[in-house]
Amino acid sequence: MGLLGLFFILFLCFISVRGQISYSVPEELPRGSFVGDISQDLSLDLNRLKSGKARIYTGDNADYIELDKEKGVLLVKDRIDREAICAETTPCALHFQVILENPMEFYSVTVEVTDVNDNAPTFKRGEMEFRISESAVTGAGFVLEQAIDLDVGKNGLQQYALYPTDNFILKLLNQVDGNKMVEMILEKPLDREIKDHLSLILTAVDGGEPQLSGSIQINVHVIDSNDHAPIFTQKIYKSSIREDSSTGTVVIKVDAVDADQGSNAKISYAILNSVDDASDLFKINAETGEIQLAGKTDYEKKRQYQLHVQARDGGGLTDLCKVTVEIIDTNDNIPVVNVMSKSTVVTEDVQLGTVVTILNTLDPDSGENGKVKCEIKREIPFSIVSTSNNFFSIITDNELDRETVSEYNITVTCSDEGIPSLSSNITFKLQISDVNDNVPVFERSSYEAYIVENNTPGLSIFRVKAIDTDWQQNAHVSYILEDSSINGAPVSSYVSVSAESGVIHAVRSFDFEQIKDFQFHIKALDGGSPPLSSNVTVKIQIQDENDNPPQILYPVQTGASLLAEIVPRSADVGYLVTKVVAVDVDSGQNAWLSYKLQKATDRALFEVGLQNGEIRTIRQVTDKDAVKQRLTVIVEDNGQPSRSATVIVNVAVADSFPEVLSEFTDFSHDKEYNENLTFYLVLALAVVSFLFITCLVVIISVKIYRWRQSRILYHSNLPVIPYYPPRYSDTLGTGTLPHVYNYEVCRTTDSRKSDKFGRDGSQNVLILDRSSTGTMQRMQSEKSILDEPDSPVEQKPPNNDWRFTQGQRPGPSGATGGPEVAMGTGPWPQPPTEAEQLQALMAAANEVSEATATLGPGTMGLSTRYSPQFTLQHVPDYRQNVYIPGSTATLTSNPQQQQATAQQATQQALPPPQASAQAEPPKAAQTPASKKKSTKKEKK
């Protein structure tokens, strides 16, 4: 009871049976005739009929009724013949259901077909023959063949009429089944001698409007008398057989007796049924009265047969009995399964308990043989429940997943309860439609790819791929580059990703030296609604390529200066001259550097370390080796193909600094002269032309000016006081070059081997400015301008950076001084007064001619006041201070120490006289401080 109640509740949830309605129509209506307004009678809206896809379900029966969904009425679809549909069954009705979907529901409709008088009574045989003895007694009955009228009710057979009625009258006998048996009763005895043959007409009349009738002729032959008729042992016989009984099976045996003798006592049996097909299904042995099965019986078509058996003797007398044959049902019909309504597609997110199919079963058997149950034997997420008698619904009882199973072949097995049980199967497909319930999944949790630097923009790096197990649009995956930044730049400026294929392209050309790797995120987005997505991290590794040549860090070569390494002639084998330092910004073996000596003035003198770049002597340096050695070192990396860089190392093989200066000054002139020869020739021509004209004008002007000044001062009695600029001082005037040279040098750690430079913390690298080939006259002239009182450049106070010992100072600055000189705390020179300046000017004008005549080879064109004729006797003590350019230290030399140290200072600071006579001393390289001063001097 509980299970049936559950089934009933489920049926009410999923199938709604709203009601039942009946109509009545006469048979033989023309096609399209109105049957009934179902929309009004069932209170159904026309839109509901349309949206619910209303249709008529009749099962296996023919479709006689159709539904007009536009008007909501039932119409006759095909000719309705009540006799063909129901035969003798009354009432005759058509049963069908009106099915609606979304939601599923149905209505039962019954259309009763009423009979019309469209069939006239007929007789199966054309005539009837009777042999009647003349001795037949009055009242003897003779059974006549019944007429057949397919109509029913008042339209059926109503009465019979016999003509003529001279000897016989009709008698109607009512049967148990409602039929009427017709007997012809002898009313007047026959007389063969008067008439041996009678012809009668039997007419059958129905009760329809109009009235129809049918006739048969009866031939009566009068024979000799037979006064005893056969008599059956019982009037009604009953028997039963199984519907599956074979042909020839004995059903029953009837028996009749006749008291006559001879031929009049010989009885023959016959079956008189003419209304139904019983005479075709059963046969009787005329002699024995044994009834046998002559055909196939079907319980589902007819469950009982009534046979009318006649016993006739040889004299023509008969008797009649009835044989009732019951058909026993057997389980000979398999259940028929019909699909009333089904869904071909359901979504995978459908709710549990949703009806997907409605089935109707039909088993014509009776009793237990006709009870049907259905089941689904496979383990699928569907179950079948019985909603009403012979109706079943297939519902979902578990979650569906299209990605696991996209289609189900549902097989329903329906079996009856007969013995043995019969069953039938029905299989139908159910598609599971996709919903977007799966996110795209990348093939890897993260990706790492490699690309060689200097790639072409647009190069395909590699491909990411994500798989979405959904279907069609829900499985369509698009790839999107997530917004992020790499070194402050958007990731889209580095790479791009194809939305369809997931191929990652390089947007720019990568440089391993700038970026070695980077990572970003790619989103895989499906096409569902709403879309689902997943991310993956992609790391790009930039692989190095040998695209950078080695870079020389040391020695540094610029266009304005040359680098020179000093090697003393006393250097031993393996002496470290310098070290070439180079780097390669590439990585790995592309950055492995090797050093080779490409060119050299003397290959037998130097070698370069293959791995460390150290330049060393490979033999003892001799006096025959040239002072100026030029080495070309090539630095190669280990890439494929390899790249290289060259550097020129100038090596000076000398023990004295002036010798180095003389050699490399000429070299610098030669090199400068060879560069951009054409441009400098044109430029030089223009400059020389301009300077020539300017010099002519200036010289003429100066000559005129000096001539006038000399004329004025020639007769003057003012004392001559020579004036020395505060940045220079004169020595005792002893030697060939009385004025002090001031050099600005840059030294390396090997400069300690030179006897011309300081030993501690100094360098032996001499930076020679190409513009340093001017004469000392030009240097003194420029510096003298700055000594004028109106110069905006002011002296800075002394600092402690020049606290060198006397032995470390070249030239006069190395003279022995007092403690205040060593500590850099000597008195700072004061600018001269106007009277002193005037005296110095007059003295210079008075001795201009003498100064020109007294300049010798050792003076390098210095002015008169720096000649040897000028002694310390003409200058006050405070003017003997020595100022070192680029420094704030002032060295004071008192008169008592001056004479004793002049010889020593000259030997330490000055080059040999022959070297000084051959080349002018180079101009000192400018420090940043001195460059600023020089700029101000030039502007001045």
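Trainee: Is Glu-70 buried or exposed?

Mentor: Glu-70 counts as exposed, at 55% relative accessibility. Here buried means under 20% relative accessible area, exposed means over 50%, and partly exposed lies in between, with a 1.4 Å probe and protein chains only.

Trainee: What should I know about the model before we continue?

Mentor: It is a predicted model, in which local features need pLDDT of at least 70 and side-chain atom pairs count only at pLDDT 80 or more, while totals for chains, interfaces and linings use all residues. Residues are numbered from 1 along each chain as its sequence is written, and side-chain values use heavy atoms, with hydrogens and water left out.

Trainee: Which residue forms a salt bridge with Glu-70?

Mentor: Lys-50 does, and the closest N and O atoms are 3.3 Å apart. A salt bridge is taken as a side-chain nitrogen of Lys or Arg within 4 Å of a carboxyl oxygen of Asp or Glu.

Trainee: Where do Lys-50 and Glu-70 lie?

Mentor: Lys-50 belongs to helix α3 (residues 46-51) and Glu-70 to the loop between β4 and β5, so the pair ties together parts that are 20 residues apart in sequence. Helices (H or I, at least four residues) and strands (E, at least two) are DSSP runs, numbered from the N terminus. Lys-50 is partly exposed, with a relative accessible area of 40%.

Trainee: And in what order do the strands of the sheet with β4 and β5 come?

Mentor: The order is β2-β5-β4, an open sheet of 3 strands with antiparallel pairing. β2 (34-37) and β4 (65-68) stand at the edges with a single partner strand each, so one side of each has no neighbour in the sheet. The twist averages 25° from one strand to the next; axes are lines fitted to C-alpha atoms, for helices over the stretch in contact, and angles run from 0 to 180 degrees between N-to-C directions.

Trainee: How many bridges join β4 to β5?

Mentor: There are 4 bridges between β4 and β5 (residues 73-76), and the two strands run antiparallel. Two strands pair if DSSP finds at least two bridges between them. Leu-67 has Leu-74 in β5 as its bridge partner.

Trainee: Back to charges: how many salt bridges are there?

Mentor: The count comes to 19 salt bridges. In general, side chains of opposite charge can pair when their charged atoms come close.

Trainee: Which residues are linked with Arg-79 in a network?

Mentor: Glu-28 and Asp-81 are linked with Arg-79 in a network of salt bridges. Asp-81 and Arg-79 meet at 3.5 Å, N to O. Asp-81 is buried, with a relative accessible area of 16%, whereas Arg-79 is partly exposed at 48%.

Trainee: What is the phi of Glu-28?

Mentor: Its phi is near 65°, a positive value in a residue other than glycine. Glu-28 lies in the loop between β1 (16-26) and β2, and counts as partly exposed at 28% relative accessibility. Asn-390 also has a positive phi, of about 70°, although it is not a glycine; it is found in the loop between β28 (382-388) and β29 (391-396).

Trainee: Which residue forms a salt bridge with Asp-602?

Mentor: Arg-619 does, with the closest N and O atoms 2.7 Å apart. Asp-602 lies in the loop between β48 (593-600) and β49 (606-608) and Arg-619 in the loop between β50 (614-617) and β51 (628-637), so the pair ties together parts that are 17 residues apart in sequence. Asp-602 is partly exposed at 21%, and Arg-619 is partly exposed at 24%.

Trainee: New topic: which residue does a cis peptide bond join to Pro-210?

Mentor: Glu-209, with omega about 0°. Pro-210 is in the loop between β13 (197-206) and β14 (213-223). The peptide bond from Ile-419 to Pro-420 is cis as well, with omega near -5°.

Trainee: Finally, how many helices and strands does the protein have?

Mentor: The secondary structure comes to 14 helices and 55 strands. Of the 940 residues, 43% count as buried.
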